[in-house]
Amino acid sequence: MSPTEIHQLNFGPITAHAFNKDRTQVAVCPNNNEVQIYIKAGKGWNLIHTLAEHDKLVTGIDWAPESNRLVTSSQDRNTYVWNFDTETNEWKPTLVLLRINRAATFVRWSPHENKFAVASGARVIAVCYFDEEHNWWTSKHLKKPIRSTVLSLDWHPNNVLLAAGSADFKARVFSAFIKGVDQKPPPTAWGDKLPFNTICGEFSNGSGGWIHCVAFSPSGDALAFSGHDSVISIAYPGGAIQSVGLTSLPYLSLIWTSEKNIIAAGYDFTPVLFENTNEGWKLSRVIDVGKKKVVGESTAFNMFRDWDTKGISSRSNNDDSELNTIHQNTITSIRPYSVIHGNVKQFSTSGLDGKLVIWDLESL
Amino acid sequence: MSFRSFDIDSLDEDILAQDELFVFSNGVEITPENASNNVKTKGIEVRNQLTRGDTANALITAIESPPYGVHTIDAKDQNTKIVMDVLNSIKATDIPSLVKLLSREQQDILMKYIYRGMSSPDLYNSTVLLNWHEKLTEVAGVGCIVRVITDRKTV
C-alpha cells in the first residue's frame, strides 16, 4: 500500500471534508452550495449523492460516526442535520433553528453526538441539541465575551467543554452544558462548576492575528491554537501558555495525534509535526519535504521524439507550474483518519487545490 | 450600487474599534507624555552606546519596549528616528551576526521598524533598510513578516 493516498476530488477548492465511521464514504464541499458524498471504489472514489439544500457556500461538514448523521453549515446562515433513509436511499435534511444573522462558519458534533456547535459571523456560537418536546433541533447561544467572527471549534472529550478560536485574536474555552441533555460532568482541569456559558479559559497569542484553529489534546487537559500571526500556542488550564513562533506562513488547521504531538498545516501547503520535548514544544519536522523534480534532458532528439510519439511539444509536457509538495495550494482542513488507542496513525487533509490526501504517520 | 458605500458596521452597536483591537492584542495604553519621556531617555542612552561603539546593545536598547499605543504618535516618530540612526550606523557586513543575536520578539520588533522606515522613503534611506530586511528575513523567515502585518501594536 502506498503510504500517502492522493485523490483529486475537485478542480477548485474543497472547503470541508468528513469521513464516515468505516472510512468507506467521504462528504466534501466542492466550493459551492452542494455537499457531495463519494463512496470508495477500489483506488478511487465514486460520487453517489449530491446534497443541494443550502443556498450558499458550505463552510463546514461533520459526520457523526455512531449515529451516521451529517451536519452541514453554510454561509446562508443555516445548518442542516442529514439522516440517511435506507428505504429511499436518500439523505433527508432537517433544518436547525440557529437564530443567527450572519454566515455559519464551522460545525462540529460533540463526542456523544447528542449536540453540535455552530460557529458564526454573528459573534455567537450556537450550541444545538434535539428538543424532544417540539421534535426539532434547537440552539442556545454562547455569546459573551466574543467580539468577532468565530472561525473554529473543538469539543472537549467530556461532551461539555467547547473551545473556540475567533477573529478577535482570542482562543476561549466555554462550557456548553445543556440542562436536560447532559449529565453533570466530573470535575476537569478547566473547572468543576460548569453552567452554560462559563468561561474556563481565555488565551491570546500576544501579537494579534485571527485564531484560525483550536484543538483539545486527547485527554482534554491542554488546548492548542494557531493564529494568523504565524504563532502556534499550547495553553493549559490556569493560564500557562507556550508559544512557538514560526519562520513559515500561518497554519489554518491542526490536530493532536497524541498528548505529545501536534500536526498543523496551512498556507505552506505541507503538514508539520510539533513535539513536546524536554525543552518544551518545538517544531519537529516538515512532513512533506517535497520531492526533487525529475528534469528530463531537453535535447533536440527528445523533443522530436516527443512530437513523434506523443504528439506534443516537450515544453507543454514539462509542467513547470507544479510544486514539489503534494498539496498544490493552501491546506484548510486536517482530520484524524485512523485512531488507535487514542493516537492518530493516519490523518486526512484537504485544501484549495481540490485534493484529498490521506497521510500515514508511521511510514512518513 | 450606492448601498455598498454604507458603513453598515456603524449601525451595529457592538463593533470593534481600533483601540479595542489594540487591547485585544495585549496592548497596554500609556499616556503620550510618558511615552515621549521614555523615548527621550532611551535616545540619550542609545547615543551613549553608539559613541562607545557598542552597536549591538544600541540596537537592542533602541528597539526595546517600543511606545505602543493608539495616541503615542510623537513618541513613535521619535523612536523610529532613534532606531533608524542605529541601523544607519551599523556596517552592512555586521548585519547578519547582529540579527542572529536577537530573540524572536526582538526580531519581530526590528522588522516592524524596518517596515515603518520604508513607509517614509523621504525621511529614511530605503537602500539600507532593504539590506536589513533581506538579512532579517533570512534568519526570521516570512513568519516574522506575517507577524508584523497582523500585529495591532504598531510602532
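The dialogue below reads selected features of chains A and B in a predicted model.

Student: What are the conventions here?

Tutor: Residues are numbered from 1 along each chain as its sequence is written, and chains are lettered from A, with ligands numbered from 1, in the order in which they are written. The model is predicted, and local features need pLDDT of at least 70, side-chain atom pairs count only at pLDDT 80 or more, and totals for chains, interfaces and linings use all residues.

Student: How many helices and strands are there in chain B?

Tutor: Helices (H or I, at least four residues) and strands (E, at least two) are DSSP runs, numbered from the N terminus. Chain B has seven helices and zero strands, so its pattern along the sequence is α-α-α-α-α-α-α. Along the principal axes, its C-alpha atoms fill a box of roughly 60 × 35 × 30 Å.

Student: Which residues of helix α3 of chain B are buried, and which helices do they pack against?

Tutor: Helix α3 covers residues 55-63 of chain B, and its buried residues are A58(B), L59(B), I60(B), T61(B), A62(B) and I63(B). These pack against α2 (32-51), α4 (73-89), α5 (95-101) and α6 (104-118) of chain B.

Student: What follows α3(B)?

Tutor: S65(B) follows, with a positive phi near 30°. S65(B) is found in the loop between α3 and α4 of chain B. S65(B) counts as exposed because it has 11 C-beta neighbours inside 10 Å. Its C-alpha atom is separated by 9.5 Å from that of N38(B), 27 residues apart along the chain.

Student: How is the span of α4(B) judged?

Tutor: The expected span of a helix is 1.5 Å times one less than its number of residues. With 17 residues, α4(B) reaches 25 Å from its first C-alpha to its last, close to the expected 24 Å. Its buried residues include A75(B), K76(B), N79(B) and T80(B). The buried residues of α4(B) pack against α2, α3, α6 and α7 (126-150) of chain B.

Student: How many residues does each chain give to the contact?

Tutor: Chain B gives 15 residues and chain A gives 20. On the side of chain B that touches chain A, the largest share, seven residues, comes from α7(B). For residue classes, Ala, Val, Leu, Ile, Met, Phe, Trp, Tyr, Cys and Pro count as nonpolar, Asp, Glu, Lys and Arg as charged, and the others, Gly among them, as polar. The chain B side divides into five nonpolar, five polar and five charged residues.

Student: How are the strands of a sheet in chain A read?

Tutor: Two strands pair if DSSP finds at least two bridges between them. One open sheet of four strands in chain A has the order β22-β23-β24-β25, with antiparallel pairing. At its edges stand β22 (251-258) and β25 (280-286) of chain A, each with a single partner strand, so one side of each has no neighbour in the sheet. Strand β24 (residues 272-277) of chain A pairs with β25(A) in the antiparallel sense over six bridges, and F274(A) stands opposite L283(A) in β25(A).

Student: What order do the strands β14 to β17 of chain A take?

Tutor: Four strands form an open antiparallel sheet in the order β14-β15-β16-β17. The edge strands are β14 (150-155) and β17 (199-204) of chain A, each pairing on one side only. The twist averages 15° from one strand to the next. Strand β16 (residues 170-175) of chain A and β17(A) pair in the antiparallel sense over five bridges.

Student: Is W109(A) buried or exposed?

Tutor: W109(A) lies in strand β10 (residues 104-109) of chain A, and counts as buried because it has 23 C-beta neighbours inside 10 Å. Not counting residues up to four places away in sequence, W109(A) touches D62(A), A64(A), V71(A) and F116(A).

Methods:
A residue is buried if 20 or more other C-beta atoms lie within 10 Å of its own, exposed if 12 or fewer, and partly exposed in between; C-beta atoms are placed from the backbone. Two residues are in contact if their C-beta atoms, placed from the backbone, lie within 7 Å. Axes are lines fitted to C-alpha atoms, for helices over the stretch in contact, and angles run from 0 to 180 degrees between N-to-C directions.
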